[in-house]
Amino acid sequence: MTLTRSFRETIKEQLANPAFRREFLREAVANMVAGDLATAKSVLREHINGTMGFIALGEALSKSPKSLMRMLSPGGNPQARNLFDMVAYLQKVEGTTFEVRAIAA
């Protein structure tokens, strides 16, 4: 079965919706908290590519865009500080704040 459009095109189109952007970012944070860094990095990468882009993010964080792209690549190993700086900035841009609550398992 041939796909008529790529996943990235679909996600980029959906990221035009502010509610979808916030939920997509929330998914990245939820994956980070759950320990699924690979998925969190992938979701963050798609969010950034579909919204502001790595050049604008790099300028905002005073980081090289290429460095940010490497951090979020499948083989990337970002420092927690860098991930949290990205998430904090993206929350600010989206006008939202996430909180983590402990619940009984």
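A pocket, on a 1 Å grid over the protein atoms alone, is an open set of points where a 1.4 Å probe fits, with protein on both sides within 12 Å along at least five of seven lines, and its lining residues have an atom within 4 Å of a point. The model is predicted, local features need pLDDT of at least 70, side-chain atom pairs count only at pLDDT 80 or more, and totals for chains, interfaces and linings use all residues. Residues are numbered from 1 along each chain as its sequence is written, and side-chain values use heavy atoms, with hydrogens and water left out.

The lining of the largest pocket consists of V29, M32, V33, L83, F84, V87, A88, Q91, F98 and V100. Two helices (DSSP runs of H or I, at least four residues), α2 (18-33) and α6 (80-94), each give two or more residues to this lining. The most comes from α6, with five residues. The pocket has a volume of about 170 Å³, a volume being the space filled by probe spheres set on the points.

Helix α2 also packs against α3 (residues 37-50), at an angle of about 155 degrees and with the axes 7 Å apart; axes are lines fitted to C-alpha atoms over the stretch in contact, and angles run from 0 to 180 degrees between N-to-C directions. Therefore α2 is roughly antiparallel to α3, a term for angles over 145 degrees. In the contact (heavy atoms within 4.5 Å), R21, F24, L25, A28, N31 and M32 of α2 meet L37, T39, A40, V43, L44, E46 and H47 of α3.

Note on methods
Parallel < 35°, antiparallel > 145°, perpendicular 65-115°, else oblique.
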